[in-house]
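Thanks for coming, everyone. I'll keep this short. Please have a look at the model on the screen.

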Amino acid sequence: MSMEQEVEHRGGYTVVRARGEPSLGEFIAFLQRIGAESTGWPGDSVLFDLRGIGTLTSFTEHYAVG
């Protein structure tokens with residue numbers, strides 16, 4: 001997978017920073033993995049910082065991720 005992630009737990013929520021150039025399939029797999037991992041995280045909220053993602057720029061890709 002051509003992407004990196006950083007997870008930071010803060011008071012009441014978690015920040016996930018993603019960087020790289022994943023394909024749509026790789027990104028969907030990343031979200032599924034984070035979904036499974038996050039069940040053990042403190043707090044109920046997750047903020048995704050996707051500013052470091054250099055791909056997935058089309059409307060169709062945004063729609064698929066949403």
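Which residue in β2 does arginine 10 stand opposite? It stands opposite tyrosine 13. Keep in mind that this is a predicted model.

β1 and β2, which covers residues 13–20, pair in the antiparallel sense. Eight bridges join them. Histidine 9 stands opposite threonine 14 in β2. The hairpin of β1 and β2 has two residues between the strands. Glycine 12 in that hairpin takes a positive phi near 90 degrees.

Now look across to the other partner of β2. β2 and β3 pair in the parallel sense, over seven bridges. Tyrosine 13 stands opposite serine 45 in β3.

Next, the whole sheet. The three strands run in the order β1-β2-β3. The sheet is open, and its pairing is mixed. On average, neighbouring strands are turned by 15 degrees against each other, direction ignored.

And the helix? α1 packs on this sheet and touches β1, β2 and β3. Its direction makes about 30 degrees with that of β1. β2, α1 and β3 together make a β-α-β unit. That unit is right-handed.

Let's go into α1, residues 24–37. Phenylalanine 30 is found there. Buried or exposed? Phenylalanine 30 has a relative accessible area of 1%, and the cut-off for buried is under 20%, so phenylalanine 30 is buried. Its C-alpha atom is separated by 9.9 Å from that of glutamate 4.

The structure holds two aromatic pairs. One of them is phenylalanine 27 with phenylalanine 30, with ring centres 5.5 Å apart. Why is this pair called tilted? Because the ring planes stand at 40 degrees, and tilted is what remains between under 30 for stacked and over 60 for edge-to-face. Both residues lie in α1, three residues apart, about one turn of the helix. Phenylalanine 27 is buried, as is phenylalanine 30.

Back to β2, for two residues. Take valine 16, which lies in this strand. Valine 16 has a relative accessible area of 0%, so it counts as buried. What does valine 16 touch, not counting residues up to four places away in sequence? Among them are Phe30 and Ile34, and also Val46, Leu47, Phe48 and Asp49. Glu6, Val7 and Trp41 are on the list too. The C-alpha atoms of valine 16 and alanine 36 are separated by 14 Å. Those two are 20 residues apart along the chain.

Threonine 14 is buried, at 0% relative accessible area. Its side chain makes a polar contact of 3.0 Å with the side chain of histidine 9. That is the residue standing opposite threonine 14. Leaving aside neighbours within four places in sequence, threonine 14 is in contact with residues including Val7, Trp41, Pro42 and Ser45.

On to β3. Aspartate 49 lies in this strand. Does 15% relative accessibility make aspartate 49 buried or exposed? Buried. The side chains of aspartate 49 and arginine 51 are joined by a polar contact of 2.8 Å. Leaving aside neighbours within four places in sequence, aspartate 49 is in contact with Val16, Arg17 and Ala18.

One last stop, past β3. Leucine 56 is found in the loop between β3 and α2 (59–65). Most residues other than glycine have a negative phi. Leucine 56 is not a glycine, yet its phi is positive, about 60 degrees. Leucine 56 is buried too, with a relative accessible area of 10%.

To recap: an open sheet in the order β1-β2-β3, with α1 packed on it. Phenylalanine 30 and phenylalanine 27 are buried. So much for the tour.

Terms used. Residues are numbered from 1 along each chain as its sequence is written. This is a predicted model: local features need pLDDT of at least 70, side-chain atom pairs count only at pLDDT 80 or more; totals for chains, interfaces and linings use all residues. Side-chain values use heavy atoms; hydrogens and water are left out. Helices (H or I, at least four residues) and strands (E, at least two) are DSSP runs, numbered from the N terminus. Buried means under 20% relative accessible area, exposed over 50%, partly exposed in between (1.4 Å probe, protein chains only). Two strands pair if DSSP finds at least two bridges between them. Axes are lines fitted to C-alpha atoms, for helices over the stretch in contact, and angles run from 0 to 180 degrees between N-to-C directions. Contact means heavy atoms within 4.5 Å. Rings of Phe, Tyr and Trp (its six-membered ring) pair if their centres lie within 6.5 Å; planes under 30 degrees apart count as stacked, over 60 as edge-to-face and the rest as tilted. A crossover is right-handed if, with the strands pointing away from the viewer, the path from the first strand over the helix to the second runs clockwise. A polar contact is a pair of N or O atoms within 3.5 Å; within protein, one must be able to donate a hydrogen and the other to accept it, and residues adjacent in sequence count only if both atoms are side-chain atoms.
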